[in-house]
Amino acid sequence: METGLIPAIVDCDPGTDDAIALFLALASMDVRLVTVSGGNVPLDRTLANARAVVGLAGKPVPVVAGADRPLLGHHRAETAVHGADGLGGVVLPDGPPVTPGVAADAIRALLRDAAPRSVAAIALAPPTNLALALATEPALAGRLSGISIMAGAWGEGNWTPSAEYNAAMDPEALAMLLEADVPITLVTLDLTAQALITPAVLAALPRDGACARAARAILGAVPPSRRFDHAGFALHDPCAVAAVIAPAMFGFRQAAVRVDTGDGAARGRTHIDRWGRTAHAAKIRMAETLDAPRFFAMLADALQRLP
Ligand code: BDR
Ligand code: CA
C-alpha cells in the first residue's frame with residue numbers, strides 16, 4: 001500500500017533507546033520489517049521487547065529473529081544501562097508472535113521485491129543481521145536508499161575507552177556495511193550526546209496513550225550518565241531514525257570511516273577522518289550536529305500519534 005512514508009527496515013536490540021526509536025519509526029515511517037539481534041540483552045529478551053513495542057504501537061509489522069551473537073566471538077549484554085530485561089524493568093503487554101524465519105533471509109526477501117534505492121535500513125544494534133544479508137547477496141544493496149547506522153564515535157567510546165557498544169560488539173559486521181555499495185549515514189556517540197534526556201526533557205514528553213506512557217516509563221528507568229555529570233543520558237538510537245525522516249535537523253560531514261577489527265585495545269574503534277587527513281575516500285555521511293529542541297519536539301509529536 002502506498003502511504004507516502006519512507007519504506008524502512010529497522011534492525012534493533014531493544015534496549016531502552018531502541019524501544020523509543022521503534023516508536024519513532026513506527027509513527028513516522030512505512031516500517032515493513034523489524035529484525036532483531038542479541039545485543040543489549042540476549043536475543044530471547046530483545047525479541048520479546050521488539051514484539052511488545054510493535055504490538056503497543058498497533059502496527060502489523062513482521063518481527064523476525066536474527067543473530068544471537070556477532071560474526072566472531074560471543075554475545076555480551078549491556079545491562080547496566082538497559083537492565084536485565086532490556087527495558088529497565090518496565091513490563092509491557094506481550095506483543096504479536098514472532099514471524100517465522102531468519103532476519104538475513106527476511107531482509108533479502110524484502111529487498112528482492114523492492115525498487116532500486118527505495119528502502120531505508122536503520123541499524124540500531126550490533127549490525128550482524130544486515131551484514132549477513134548483504135554479504136550473501138551484495139547486489140541487493142542497490143535496493144536500499146541508504147543505511148542509517150548508530151555506531152561508533154570520533155571521540156571516546158562507551159564500551160571501552162576506544163569503542164562504542166554496537167561497533168565493539170561486531171566490528172567485522174560494521175566493516176562490511178561501511179564497505180557496502182550503499183549510501184551510509186553514521187550516527188555516533190558524539191552526535192547522540194546532543195540528544196540529552198534530562199528530567200526537564202522527560203517532563204515535556206506526552207503523558208496520554210499507552211505508547212507515550214511506556215516511553216516515559218522506559219526513559220525514566222535509564223540511569224543518568226557519569227559522562228554528563230548525572231545530568232541525564234544520551235538518547236542514541238532515535239537519532240538514527242531522525243537522520244532519515246528529518247535530515248534537516250542535522251549538520252552532516254562527509255568523512256572516511258574505518259573500524260578497527262584487530263584484537264588489541266582499539267578493537268571496535270571507528271577511525272573517523274573528519275578533516276581529510278588520510279587518502280581514504282570520504283564516502284560516509286556522518287551526522288555531526290543536531291537541533292535537539294526540534295528533535296525532542298518531533299519525538300513528542302510521534303508519541304502523540306501512536307495509541
Ligand atoms: C548503542 O548501544 C546500545 O546500548 C544502545 O541501544 C545503542 O544502540 C549506544 O552505544
Ligand atoms: Ca541499540
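Predicted model: local features only at pLDDT ≥ 70, side-chain atom pairs only at ≥ 80, totals over all residues.
Local features are reported at pLDDT of at least 70 and side-chain atom pairs at pLDDT 80 or more, whereas totals for chains, interfaces and linings use all residues. Residues are numbered from 1 along each chain as its sequence is written, chains are lettered from A and ligands numbered from 1 in the order in which they are written, and side-chain values use heavy atoms, with hydrogens and water left out.

Two packed helices are described by the angle between their axes and the distance between the axes. The axes of helix H1 (residues 16-28) and helix H11 (residues 237-245) come within 7 Å and cross at roughly 25 degrees, the helices being DSSP runs (H or I) of at least four residues and the axes being lines fitted to C-alpha atoms over the stretch in contact, with angles from 0 to 180 degrees between N-to-C directions. H1 and H11 are therefore roughly parallel to each other, a term for angles under 35 degrees. The contact (heavy atoms within 4.5 Å) involves residues of H1 including Ile20 and Leu24, and residues of H11 including Val241 and Ile245.

Ligand 1 is surrounded by 14 residues, the closest being Asp17, Asn40, Asn158, Glu164 and Asp237, where a heavy atom within 4 Å is required. A polar side-chain atom of Asp18 lies 2.9 Å from an oxygen atom of ligand 1, and a polar side-chain atom of His82 lies 3.0 Å from an oxygen atom of this ligand.

Most residues other than glycine have a negative phi, and most peptide bonds are trans. In this model, however, a cis peptide bond with omega of about -10 degrees joins Pro14 and Gly15, while Arg117 has a positive phi of about 50 degrees.

How values were computed:
Helix = DSSP H or I, 4+ residues; strand = E, 2+ residues; numbered from the N terminus. Parallel < 35°, antiparallel > 145°, perpendicular 65-115°, else oblique. Polar contact = N/O pair within 3.5 Å; in protein donor to acceptor, adjacent residues only side chain to side chain.
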